[in-house]
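Subject: Structure for you to look at

Hi,

Here is the structure I promised to pass on. Could you open it beside this email and follow along?

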Amino acid sequence: MIAAEAEREGRMDGLKVEEEHRIFETSHVIGALLASSPLLTQAWGRCVQANAGNSSFVLQRCDDAVYVAFSSTSSSTPTALGGGFFDAVPISSGGHELFAPLEGAGQPVLVQAGALHLFLTSYRSPDFQMLITETRNKSVIFTGHSVGGSIASLAALNFLCSFSRPDAPSPASLLCITFGSPLLGDETLSRAILRERWGGRFCHVVSQHDIMPRLLFCPVNALPPQLAMSICSLMQSWRISMRYPQFPRRALQLTDDQKAELRGYISMHIDAAASEQTQHISPYRPFGNYALCSAEGAVCIDDPLVAAKMLHLTFTTGSARISFEEQHIYYGDLVVELSQNLQSKGRLHLEEDAAKSNHSAGVSLALEASGIGIQDMGAMEAREWLETSMCRRPKLHCASLAIKLAKVTPCRAQIEWYKALCDDDDTGYYDSFKLRKAPKKDARVNMNRIRLGQFWDELLDMIQNNKLPPDFHKRSKWVNATQFYKLLVEPLDIAEYYRCQWPRTRRHYLTHGRERRYEVFDRWWNDRDKEAPEKAAAHRKRSKFAGLTQDSCFWAKVEEARDSVKNAWAEKNPTKLVKLWENLHGFESYANGLIRRKEVSVDVLAPRSSYSLWVEELKDLKSKQACRLPSSSVLIGVTGGT
C-alpha cells in the first residue's frame, strides 16, 4: 500500500515537472514587444504637449488612430496632498450614471475625488462631446502623465461603459496608456474591471523608483508632517518641470535621510497592501496591466495582487541611475532608452536556469528586465511572486477545472442511470432515495452525490479566491452545467435532509438545510442574458414531461405542504387555519401549473410519490374540514373559491 502511494506521488511529481517545462513566463516578452512598438513614444509625446498646453486635453489624429492626452498641470491639479483631492469617493458622485456597468455588485466603486471632478469637468465641455463623435470607428488611445493618467483612465472607462448603449458612437478599438499615474480606485473597481474583461485595455507604465504610482498605497491624509512637506515640494517641482519643458529642469534635492524615510514609509504600505493585511487603511488598489520599467527592460503584470507586490519589490531594490527626485518626470528618456537598448544590451547568462525549465529561465529574464538583480535582497521573493503570477492565472485554472469536471462526470452519469431506473418504479426518484429501497445502490448514489457536491464547493472556493476568470459565472458552459447539476442532485439532498435531519430538528430544508452552492447557482441561472438562446428555449411549450423537474426545490415544497396538511388536522385556531389553507392552496396552484406546462419529471406523478400522497391527503382534508369548519373564510381556502 505504501509502495503504491509512493509510486503515485512519484508520477504526480513527474507530471508537475513536465508541466513546468511546458510553461513559459512571458511577462518580459510582452514588455519587450511594448517597448519596441511606437505606442509608448507617440503616447508620451502627446502627454508632453498636453502638460505644456492650456487646455484640459489635446486630441491628435494619426492615420486611423486618435490620441487623446489629458493634462496633469491644469490649475485644478494638486500641488499638495490636502484639499481632499486624493480622497476616495463613489464613482457615481453627483448623480450621474456614466459608469453604471461598473456598479451593481453591492459595494460602491470608489475613485480619486479630484480625478473624478476633473474628468466630469472635461466631459461636460463641448470639446469632449465633439471628441465622442470624432472617435467613431477609429482606434482611440487615451493617455496621460501623473494625474493626467488618472483622468485618462476615467475617460477610457466612460467610453467602455458607453459601449453597452446601442445608440452610442463607439470607436473601433480602445487603449489607455498612463505614465507614472497614481492609483485610481479601490478593490471594487479592480474587480469590476476584471468582471467586465477590460483589464487588457489599460497599460500603466511605471518607472522603477517613481513614488507617484505608489503613493496612494499610503493613507495620504495621515502622513507624518515631514514626509508630507517633502512630497509637496516634489509635486510642485514636477508640475513646473512638466508645464515648462523648454526650461532646464528645476533641481530639487532631498537629503539622504528624507529619501530613506520616504522610501521606507511607502514601501511599508505597499507591502501591507500586497500582503492583504486587514490593518491596511488605504482603499486604493491596482487594476489593468502594469508595465514595470527599468534601464534593463520592462515586464508586464496583469494580476493586481502580483502587480502590487512587484511595485514594492522593484521600488526597494536596484540602483537608480536617475535621481530619486527626477524619476517621475523621466519617462520620456526612459521610453527612448528602452527602445534603443532592446536589441543591443547584453542578456543574463541562463545556462543553469535553462537546464531546469523554460519557466525558470523566463522568470530570470523577467527579474532582469524589472531591474532586480540576482543578488538583490528581494530577488528570491520577486521570483516567487512571478511564479505565483503564473499559478494564479485564471485561464489555466479554468482549463484544469474543465478536466476535473470530466473526471466527476461518471458520478453524474451513475445518478442519471439511477434516476432512469426509479422513474419506472411506483415511488419515483425522490422517494426511492429517501426510503433507501435498494441499500447498496442507494449507498453508491449517495457517495456520488457527495463527490459532486465537493467538486462544486471547490469551484466556488476558487471563485472566492479570485482563481477563476471574473466573468466565469456568465459563461454558458458552466451556467448550464451548474443548472443541470442542481436539478439532478438537489432532490437527493432534500431527500437526505428529510430522512436524517427533519425527524430530529423539525426544521424545513428551504430555511435551514439548503447548501450555499444552490443559492449561488440560482443567481447565475437567473442572471443570464435575456437574449440567451437557452432562456428563449425555456419559454417554448413542452410536448412531454421534462427529464428533470425544473424547480430543484420542488420536493422541499412538497414536504412543507405535507407538514401543513398534518398541522391543519390538529389546528384549532381559525386564524392560523386560514393561513395554513392559504399556503396549501398556493402550493396546489403552483404544482398544477408546473404539471400543466409539463415542467416536472414523470417521477412526480408516480403512484406512491410524496406528491401523489400529498394530493390524496389534501383531498381527504378538504372533505373533512369542509364539514367541521363551515366558516366562510375557511371555506374559501378549502374549496379554492373566491
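Below is what was found in it, from the whole chain down to single residues.

This is a predicted model, in which local features need pLDDT of at least 70 and side-chain atom pairs count only at pLDDT 80 or more, while totals for chains, interfaces and linings use all residues. Residues are numbered from 1 along each chain as its sequence is written, and side-chain values use heavy atoms, with hydrogens and water left out.

**The chain as a whole**

The protein chain holds 27 helices and 11 strands (DSSP runs numbered from the N terminus, helices being H or I with at least four residues and strands E with at least two). Of its 642 residues, 50% count as buried (under 20% relative accessible area with a 1.4 Å probe, protein chains only; exposed is over 50%, and partly exposed lies in between). Among contacts (heavy atoms within 4.5 Å) with a separation of 6 or more, 77% are between residues 24 or more positions apart.

**Cores**

A nonpolar core here is a set of buried Ala, Val, Leu, Ile, Met, Phe, Trp, Tyr and Cys residues joined through side-chain atoms within 4.5 Å. The largest has 90 residues, and Phe99, Leu102, Phe119, Phe128 and Phe142 touch the most other members. Helix H6 (residues 147-162) gives this core its largest share, 10 residues. Apart from it lies another core of 59 residues, including Trp524 and Leu580. If you centre on Phe142, its contacts beyond four places in sequence include Val68, Phe70, Leu131, Phe159 and Ile177.

**Helices**

Helix H24 (residues 554-570) has 17 residues and should span 24 Å at 1.5 Å a residue, which agrees with the 25 Å between its end C-alpha atoms; the expected span is 1.5 Å times one less than the number of residues. Among its buried residues are Phe554, Trp555, Val558 and Glu559. H24 packs with helix H19 (residues 476-500) at an angle of about 30°, the axes being 8 Å apart. Axes are lines fitted to C-alpha atoms, for helices over the stretch in contact, and angles run from 0 to 180 degrees between N-to-C directions. H19 brings Pro491, Ile494 and Tyr498 to the contact, and H24 brings Trp555, Ala556, Glu559 and Glu560.

Helix H9 (residues 225-243) reaches 27 Å over its 19 residues, close to the 27 Å expected. Its buried residues include Leu227, Trp238 and Arg243, and their cover includes helix H3 (39-52), strand E5 (139-145), helix H8 (212-215) and helix H10 (256-274).

**Single residues worth a click**

Arg517, in helix H22 (residues 516-526), is buried, with a relative accessible area of 8%. Its side chain makes polar contacts with the side chains of Asp457 at 2.9 Å and Tyr485 at 3.1 Å. A polar contact is a pair of N or O atoms within 3.5 Å; within protein, one must be able to donate a hydrogen and the other to accept it, and residues adjacent in sequence count only if both atoms are side-chain atoms.

Most residues other than glycine have a negative phi. Ser146 has a positive phi of about 60°; Ser146 lies in the loop between E5 and H6 and is buried at 6%. Arg436 has a positive phi of about 55°, sits in the loop between helix H17 (428-435) and helix H18 (439-464), and counts as buried at 19%.

Best wishes
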